[in-house]
Amino acid sequence: MAVDSSKPDRNLALELVRTTEAAALAAARLVGAGDKNAADQAAVDGMHAVLGSVQMDGIVVIGEGEKDEAPMLANGERIGDGSAPEVDIAVDPLEGTTLTAKGMPNALSVIALAPRGTMFDPGPCVYMEKMAARDDLADLLDLDRPVGETIGLMAERRGCEPGDLTVIVLDRPRHEEGINAIRASGARVRLISDGDVSAVLVAVSEDRPVDLLWGIGGTPEGVISAAAVKCIGGGLVGRLWPRNDDERQAALDAGYDLDRVLTQDDLVQGDDCFFSATGVTDGDLLEGVRYSGASATTESLVMRSRSGTVRRVKASHNRAKMRQLIGSRYG
């Protein structure tokens with residue numbers, strides 16, 4: 001049977017995990033060094049070093065870094081060797097720059113890929129309201145219902161008490177009222193300083209200590225997370241959240257419906273997307289980069305929505321050979 005080279009091939013999964021491994025290995029040299037921008041730049045450089053050799057014609061649709069002017073793979077940038085397939089790329093070379101700088105848990109390198117034209121472009125809106133949960137609770141996700149009521153419905157569905165449920169929330173002043181409502185419902189709150197994608201992954205994964213993600217986080221991370229949810233299962237809903245009147249007007253002028261609730265299938269259309277994440281620091285889902293003499297180890301998740309396959313990849317890297325191939329940043 002002839003292979004249709006215009007569509008993403010399963011072999012791209014290995015290329016994507018090579019990409020996030022390179023970014024994680026580069027950033028990990030700066031764990032605990034106190035310089036988040038240098039760590040972010042190292043991760044970007046690591047991704048660039050691998051992406052240029054990947055057999056694809058990719059366009060960066062989601063390039064993390066815009067909201068704080070951090071180093072990034074720029075939106076609209078073409079990556080790959082220029083051959084088929086034509087794909088959209090969403091990247092966060094280092095999710096958790098502050099986590100990395102401070103040596104804290106749950107920093108990741110992540111990338112998502114989908115056929116050209118299938119990824120949502122958030123335009124001027126860099127934040128969105130979000131909720132995510134596993135398959136058995138996905139139909140209860142509702143951005144308009146008070147979060148305390150939703151927790152009650154989830155506890156009823158699970159046949160447990162609200163106090164048995166844990167909600168993961170970014171620790172931000174804008175969430176104070178919602179956090180109070182979650183606690184008033186009886187549920188537990190797990191506050192995190194950073195890490196939207198990691199939080200969604202924990203909320204939708206089986207056998208993890210979180211039942212629901214709730215709050216306002218980055219729209220780029222929402223698109224990347226949607227690709228992961230389409231692969232691993234569960235549900236994600238989001239709605240654009242302009243930060244001020246100027247951003248709201250810019251979104252309206254660009255034709256965005258700010259009342260529309262977006263699901264993972266709106267954020268990443270179709271049934272053939274890929275997702276890869278590699279741990280930079282130890283976390284709930286993945287081990288971080290670890291060094292032992294001449295070698296370094298990484299742990300990654302790589303997934304494809306079409307097959308529903310989720311692979312956990314533990315790799316050992318020869319540091320000297322990596323330096324020869326990609327550069328001194330892997331020392």
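Leu267 is in contact (heavy atoms within 4.5 Å) with Thr118, Met119, Phe120, Met128, Gly222, Val223, Ala226, Leu236 and Leu262, residues up to four places away in sequence not being counted. Leu267 is also among the residues with the most contacts inside the largest nonpolar core, which has 46 residues, the others being Met119, Leu201, Val268 and Phe275. Such a core is a set of buried Ala, Val, Leu, Ile, Met, Phe, Trp, Tyr and Cys residues joined through side-chain atoms within 4.5 Å, where buried denotes under 20% relative accessible area with a 1.4 Å probe and protein chains only. A second, separate core of 33 residues includes Leu12, Ala24, Ala39 and Val91.

The model is predicted, so that local features need pLDDT of at least 70 and side-chain atom pairs count only at pLDDT 80 or more, whereas totals for chains, interfaces and linings use all residues. Residues are numbered from 1 along each chain as its sequence is written, and side-chain values use heavy atoms, with hydrogens and water left out.

Helices (DSSP runs of H or I, at least four residues) and strands (runs of E, at least two) are numbered from the N terminus. Strand S5 (residues 127–133) is largely enclosed by the rest of the structure, because seven of its seven residues are buried; Tyr127, Glu129, Met131 and Ala133 cover one side, and Met128, Lys130 and Ala132 the other. Pairing requires at least two DSSP bridges between two strands. S5 pairs in the antiparallel sense with S8 (residues 212–218) over six bridges, with Tyr127 opposite Gly218, and six bridges likewise join S5 to the antiparallel S9 (residues 235–240), where Met128 stands opposite Leu240.

Key
Buried means under 20% relative accessible area, exposed over 50%, partly exposed in between (1.4 Å probe, protein chains only).
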